[in-house]
Amino acid sequence: MKKIATVLIICIILMVLSIGCSNDSNDITDDDQKEITILIRDIEYTEIKIIFTTVYMYAQKFELETGIKVKFDVVKGNNEDDYAKKANAKLYLKEGPTLIFISDYSRYEEYIQQGVALNTEGKIPNAKKIYNELLDDGCYFTPIGILHWAVAFNRNATAKLGIDDLKPDLTREDYLKIKKEYFRIKPEYFNDEEYYEFILPMIYDLEILDERNKKINLNNSRVIQYIKDVRKEIFSGKYILNKNYKYENYYNMIFDTNSKEYNESKTNDYRRLWKSSAKNGLKSLDVGEYIDIKDKIVVPCMMFEKERLIEKFGVIVNKNGKNTDLGMQFVNGLLSNETQLEMYLSDMDTLYPVNKDIEDEIEKIEKEKNINEKAVALRKYILQQINNGNYKDCTNSRIIQEIKNMIYKDFAKFIFADEAYTDEELSRELEKLEYKYNMWLNE
């Protein structure tokens with residue numbers, strides 16, 4: 001009996017120890033499972049590893065310092081609708097992605113309207129350091145970096161007009177006067193940027209889209225006349241064109257970046273009046289070097305006044321996300337002085353910090369590195385415009401963006417046709433497009 005009792009006691013002790021060990025093991029597993037997931041598009045994921053690197057690099061640092069795993073849930077899509085459907089399927093899960101990455105490809109307003117976004121007011125301490133004018137949605141979207149694509153004027157071209165420099169407050173009207181005067185002296189090489197300059201204002205100025213009522217009006221005399229005017233301007237002799245080009249060649253030049261026509265059109269960029277600089281006007285280190293080496297005049301983009309002036313990159317905390325508290329801890333680190341200053345200094349990140357507390361430190365770095373004064377003045381001017389509320393994030397809705405993309409591509413058929421369309425032919429073609437777009441709007 002004593003042996004049986006002893007065995008029973010030993011068994012009970014072993015069971016208790018086993019339970020204790022089991023609980024310890026579960027605690028360790030829970031710690032290991034502490035993770036956050038960032039929902040991101042495939043194209044955005046590629047970019048944060050190449051040109052917007054701060055988020056990606058910080059994710060690795062965050063893991064090392066906290067032991068909290070950071071996963072990227074990459075969404076692959078064929079178009080805006082496809083991306084939206086695949087993303088939404090993940091966002092209503094009980095423990096879905098923790099954060100949603102927002103770039104110039106995505107629209108944070110839609111997530112707020114859908115009730116997906118968590119209000120983070122008071123929960124991300126470093127958010128109080130963000131420039132006030134960038135916080136315009138009630139603490140649902142947290143910006144981490146901003147971008148303003150600057151424009152570079154060719155000094156060889158402006159010298160012909162007796163222009164040695166241009167001020168940052170150059171307006172669209174100023175630019176059009178300079179362009180008109182330049183064309184009197186010298187024809188301009190035509191490429192995709194010139195086409196974009198023609199098409200984008202039309203989309204806004206002609207008021208063809210009624211987004212609220214999901215209706216588009218293309219088949220009217222104003223649109224027909226605009227198409228004819230654009231075609232006439234392009235083939236007026238003001239632009240240098242390949243005389244042997246047919247519609248297919250122009251299509252390749254504008255839309256196929258791997259085509260012979262596209263590459264040939266870009267070889268003459270250095271002779272054009274202006275070109276997109278592919279530089280964030282706020283990144284004075286980068287812009288200063290560009291001015292010094294390329295000898296360009298760099299100014300804010302003023303060609304498209306109704307288009308976005310700044311682009312905000314950031315995150316939304318998913319209301320249904322797993323470990324949202326850890327997600328906000330991650331975002332708080334992205335907004336820290338240290339990480340934001342790294343963003344400014346990095347030549348692998350095109351974004352400019354949103355943290356206003358490091359502005360004095362940035363000025364100190366500019367002086368120490370003897371950065372070109374015009375680049376410094378450009379940075380300060382753009383920031384002033386943001387702080388004054390003049391430069392807004394005019395990010396288009398998904399509908400406007402899709403309509404823009406469709407018109408940009410579809411109208412090339414009329415503008416570069418081998419034989420000009422008559423008014424009657426244009427009307428029939430526009431009627432078909434109008435029907436197609438309206439069907440898409442009301443799907």
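Which residues in H8 meet which residues in H9? In this predicted model, Phe 198, Pro 201 and Met 202 are the residues on the H8 side, and they meet Tyr 226, Val 230, Glu 233 and Ile 234 on the H9 side. Sorted by class, this contact of H8 with H9 comprises 6 nonpolar residues, no polar ones and 1 charged residue. Helix H9 covers residues 221–234, and its axis and that of H8 come within 11 Å, crossing at roughly 165 degrees. Because an angle over 145 degrees counts as roughly antiparallel, H8 is described as roughly antiparallel to H9. The crossing in which H8 passes H9 is right-handed.

The protein contains 19 helices and 13 strands. Its C-alpha atoms, taken along the principal axes, fill a box of roughly 115 × 60 × 40 Å. Of the 443 residues in the protein, 49% are buried. Among contacts between residues at least 6 apart in sequence, 79% join residues that are at least 24 apart.

Helix H8 also takes part in an aromatic pair. The count of aromatic pairs comes to 28. For Tyr 195 and Tyr 408, the ring centres are 5.0 Å apart and the planes lie at 40 degrees, so this pair is classed as tilted. The pair links distant parts of the chain, with Tyr 195 in helix H8 (residues 192–205) and Tyr 408 in helix H17 (residues 398–410), 213 residues apart. Both Tyr 195 and Tyr 408 are buried.

Helix H15 (residues 359–368) and helix H16 (residues 373–387) have axes that come within 11 Å and cross at roughly 165 degrees. H15 and H16 are therefore roughly antiparallel to each other. H15 passes H16 in a left-handed crossing. On the H15 side the contact involves Glu 359, Ile 362, Glu 363 and Glu 366, which meet Val 376, Arg 379, Lys 380 and Leu 383 in H16. By class, the contact of H15 with H16 has 3 nonpolar residues, no polar residues and 5 charged residues.

The other pair is formed by helix H3 (residues 54–66) and helix H14 (residues 337–345), whose axes come within 10 Å and cross at roughly 140 degrees. That angle makes H3 oblique to H14. The crossing of H3 and H14 is right-handed. Thr 54, Tyr 58 and Lys 61 of H3 make the contact with Glu 338, Thr 339, Glu 342 and Met 343 of H14. In this case the contact of H3 with H14 divides into 2 nonpolar, 2 polar and 3 charged residues.

Thr 120 lies in the loop between helix H5 (108–113) and strand E4 (141–147). Is Thr 120 buried or exposed? Its relative accessible area is 6%, so Thr 120 is buried. With neighbours within four places in sequence left aside, Thr 120 is in contact with Cys 139, Thr 142, Val 317 and Met 328.

Tyr 245 is found in the loop between strand E9 (239–240) and helix H10 (247–255). Tyr 245 has a relative accessible area of 16% and is buried, because the limit for that class is under 20%. Not counting residues up to four places away in sequence, Tyr 245 touches Tyr 250, Met 253, Glu 261 and Glu 264. The C-alpha atoms of Tyr 245 and Phe 416 are separated by 9.5 Å, although these residues are 171 residues apart along the chain.

With a relative accessibility of 32%, Asp 210 counts as partly exposed. How far apart in space are Asp 210 and Asn 370? Their C-alpha atoms are 50 Å apart, and in sequence Asp 210 and Asn 370 are 160 residues apart.

Key
Residues are numbered from 1 along each chain as its sequence is written. This is a predicted model: local features need pLDDT of at least 70, side-chain atom pairs count only at pLDDT 80 or more; totals for chains, interfaces and linings use all residues. Side-chain values use heavy atoms; hydrogens and water are left out. Helices (H or I, at least four residues) and strands (E, at least two) are DSSP runs, numbered from the N terminus. Buried means under 20% relative accessible area, exposed over 50%, partly exposed in between (1.4 Å probe, protein chains only). Contact means heavy atoms within 4.5 Å. Axes are lines fitted to C-alpha atoms, for helices over the stretch in contact, and angles run from 0 to 180 degrees between N-to-C directions. Angles under 35 degrees count as roughly parallel, over 145 as roughly antiparallel, 65 to 115 as roughly perpendicular and the rest as oblique. A crossing is left-handed if the near helix is turned anticlockwise from the far one by less than a right angle, and right-handed if clockwise. Ala, Val, Leu, Ile, Met, Phe, Trp, Tyr, Cys and Pro count as nonpolar, Asp, Glu, Lys and Arg as charged, and the others, Gly among them, as polar. Rings of Phe, Tyr and Trp (its six-membered ring) pair if their centres lie within 6.5 Å; planes under 30 degrees apart count as stacked, over 60 as edge-to-face and the rest as tilted.
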